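The sequence and the structure come first.

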Amino acid sequence: MSFAFYLIAALTLAGGLAAVLLKNTVHCALALTVAFAGQALLFLDLDAQFAGFAQILVYIGAVAILVVFAILLTKGSETPKGGVYSKHWLAGLVIAAAVFSMLGWAVIWSVHAVPRGPVGTPAVTVLDIGNALMSRYVLPLEIVALLLTAAMIGAVIIAMHEKERAK
Amino acid sequence: MNPLAGFLLVAALLFSIGLAGALTRRNAILVLIGIELMLNAANLNLIAFWRYGPHPEALTGMMFAIFSIAVAAAEAAVGLGLVIHLHRHAHTTDLDAMNRMRG
Amino acid sequence: MTERLDLIFVLIQQWLVGFLPGAWRPAAGVVLSVVAIVCLFPALFALTTVFERKGLARIQNRIGPNRVGPLGILQPIADGIKSLTKEDIVPLSADAVVHFLAPVLLVVAVFMGFAVLPMGRNMALVDMDAGLLFFFAIGASTELSVFMAGWSSRNKYSLLGAMRAVAQMISYEVPLLLSSVAVVMITGSLSLTKIVAAQNQYTWGLPHWYIFTPWGLAGFLMYAIAATAETNRSPFDLPEGESELVAGYHTEYSGFKFALFFLGEYLAMFSISGLGTTLFLGGWSAPLQILGWVPSWIWFFSKLMLSIFVFIWLRGTLPRLRQDQLMNFAWKFVLPLTLLNLMVAAAWRFLGDGWERWVICSAVVVIAYTGMAWAGMRHGHFGPRSYRYAE
């Protein structure tokens, strides 16, 4: 595995760690953006160009900004009185460590069972993705369109200021 | 150690980091940040299996990941809308303080 | 002879790279192209600052800078020396790391956008299959740097300016993308070189540029409006309006970092104009077939400078839009029209060749525009000025 993979993986993991460990919420959101960027680079390393650029466009261009706006609208930059970690942080850490050990054990134990397939670069163009979206995956496409519309309307209604009751 | 195992290990590590963040932080927004990290780890898994799997020209993994990105964006929007609404009601986003059923 | 002039930069690159051993040649070629872009566009930026100040001055009936060099042409050198030697002030309570990284991120993101623009016949730095998607993805990253700049300064006005700027940029990003999707739909590819190649055909000596089609003209107008709003140029420059918010999100920046923001804004203007030229104005193709002997890169840069001139003209002429007027305009006027434009482009494609498609598509576009404009004015939102005084 190339040096580039190690570098990008280290960047992504560092961003993820910073996103859950830092005290200042806005710094966490910016570290999350770094993790998203590292993830997009990993997608490009895997020859999934469309997924990589879609990751940058959607996650960094929209989700990260959404998180930052939510932090600003809820005054998240102020540190709460009891510290940033909840009372039951140890249980959470133990659960996460257990999940990682289970997943890691599954991966390492099955390292020899790689599916026998072509390992060259798959020649996938955006045209193929478009064709697939319109032929084989048209039903999920329409459902996702409905879902996004519903989510947009729902988010606006939930976050809207309610009209004041008449005095 | 083949490349596929490397990507899967990175995804597993990212997933558990996100899980740890979602379980140990007080602020509701940081829980959502942890959830986004977990979704990203799952997407990485999907694309890694698409690339090193037997039929990359069938585009299954790539399609799944693209739909997952779209759904994650929708879920982040609704989740953050809920956090904003909650803050307006309880004047805090501290999840440890929201431990009663009655508002 | 004209082909050699057309390919002169490619030939120079190959000649320079030929001095190196074989294994280093591809990397060296790329590095040379990158160096050329990094040197050329800031030089164009310097030229544009003079152009803008003199142009705005003439529109406003004054002269503009005329002391440094003949007709003030050497003014950017004076400006550069000034901004490099000014003290770099970072407020005490500002977040130092984020404060430093914001202009860096902006300039890096904007430079990366130049990599996919085809500036001449074989002169796109990277010919990506999903080039347009790459450009928009990188453009989306600039919004984050604007927010970082405003938040890290710990200043009310900066934060307010940053929030307004980000809200404006995300509102206008959707019409920007949708008006480009119509072009992608007709061409059948996201690759910018293929989009230009599809426009490089001539019928009776006139080109097949997309701006000469009904949906292309509507799309170009909406792309231009969205591009002006994306780069925070007048009339959409409320986030950095000097008379409203001090300097908006770059209030607390001085010296070289301010110069970087300034550079980033103008380079964003160049790259978005370059993309507009590629998508709608035919990129490097000549306007008439008989003029095809002129090198392609001359056409690209002329169209680019023409777009910059129009930006400067708009800045000097139109008054500034208020924040709510701006967002209303985006979501209630431009966005529905871009969606309609997509359908008109689809109808164009499926009505077959002939005069019917011209008539039908033009009729739909004109009726839609005038109908929505009339509907908007009828409710008085765009009507005569009304005053509200503080109670």
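Chain A of this predicted model is split into two domains, with domain 1 covering residues 1–79 and domain 2 covering residues 124–167. The C-alpha centres of domain 1 of chain A and domain 2 of chain A are 23 Å apart. For the complex, the predictor reports an ipTM of 0.92 and a pTM of 0.90. Chain C has a mean pLDDT of 87, and 96% of its residues reach 70 or more.

**Contacts between chains**

There are 2 pairs of chains in contact, and chains A and B share the most contacts. Chain B and chain C do not touch, and their nearest C-alpha atoms lie 14 Å apart.

The contact between chains A and B takes in 71 residues of chain A and 66 residues of chain B. On the chain A side, the elements that give two or more residues are helix 1 (3–21), helix 2 (25–45), helix 3 (49–73), helix 4 (89–109), helix 5 (126–135) and helix 6 (138–159). Helix 3 of chain A gives the largest share of that side, 11 residues.

The contact between chains C and A takes in 17 residues of chain C and 15 residues of chain A. On the chain C side, helix 6 and helix 7 each supply at least two residues. Helix 6 of chain C provides the largest share of this side, 11 residues.

**Helix 1 of chain A**

Helix 1 of chain A has 19 residues, which at 1.5 Å a residue should span 27 Å; its end C-alpha atoms are 27 Å apart, so the two values agree. The buried residues in helix 1 of chain A are Ile8(A), Ala9(A), Thr12(A), Gly15(A), Gly16(A), Ala19(A) and Val20(A). These residues lie on the same side of helix 1 of chain A, because they cover an arc of only 125° around the axis. An α-helix has 3.6 residues a turn, so residues three or four places apart point the same way.

The buried residues of helix 1 of chain A pack against helix 2 of chain A, and also against helix 1 (3–24) and helix 2 (28–52) of chain B. Turned away from the buried side of helix 1 of chain A is a face that carries the exposed residues Phe3(A), Tyr6(A), Leu7(A) and Ala10(A).

**Positive phi angles in chain C**

Most residues other than glycine have a negative phi. Leu71(C) is not a glycine, yet its phi is positive, at about 60°. Leu71(C) is placed in the loop between helix 3 (25–59) and helix 4 (75–85) of chain C.

Arg154(C), also not a glycine, has a positive phi of about 50°. The loop that holds Arg154(C) runs between helix 6 (131–152) and helix 7 (156–187) of chain C.

Is Leu71(C) buried, partly exposed or exposed? Leu71(C) has 13 C-beta neighbours inside 10 Å and therefore counts as partly exposed. Arg154(C) has 16 C-beta neighbours inside 10 Å, so Arg154(C) counts as partly exposed. The cut-offs behind these labels are 20 or more neighbours for buried and 12 or fewer for exposed.

Terms used: Residues numbered from 1 in each chain as written. Chains lettered and ligands numbered in written order. Predicted model: local features only at pLDDT ≥ 70, side-chain atom pairs only at ≥ 80, totals over all residues. Domains from an automatic or database assignment. Contact = placed C-beta atoms within 7 Å. Helix = DSSP H or I, 4+ residues; strand = E, 2+ residues; numbered from the N terminus. pLDDT = per-residue confidence, 0-100. Expected span 1.5 Å × (residues − 1). Arc of directions from axis to C-beta.
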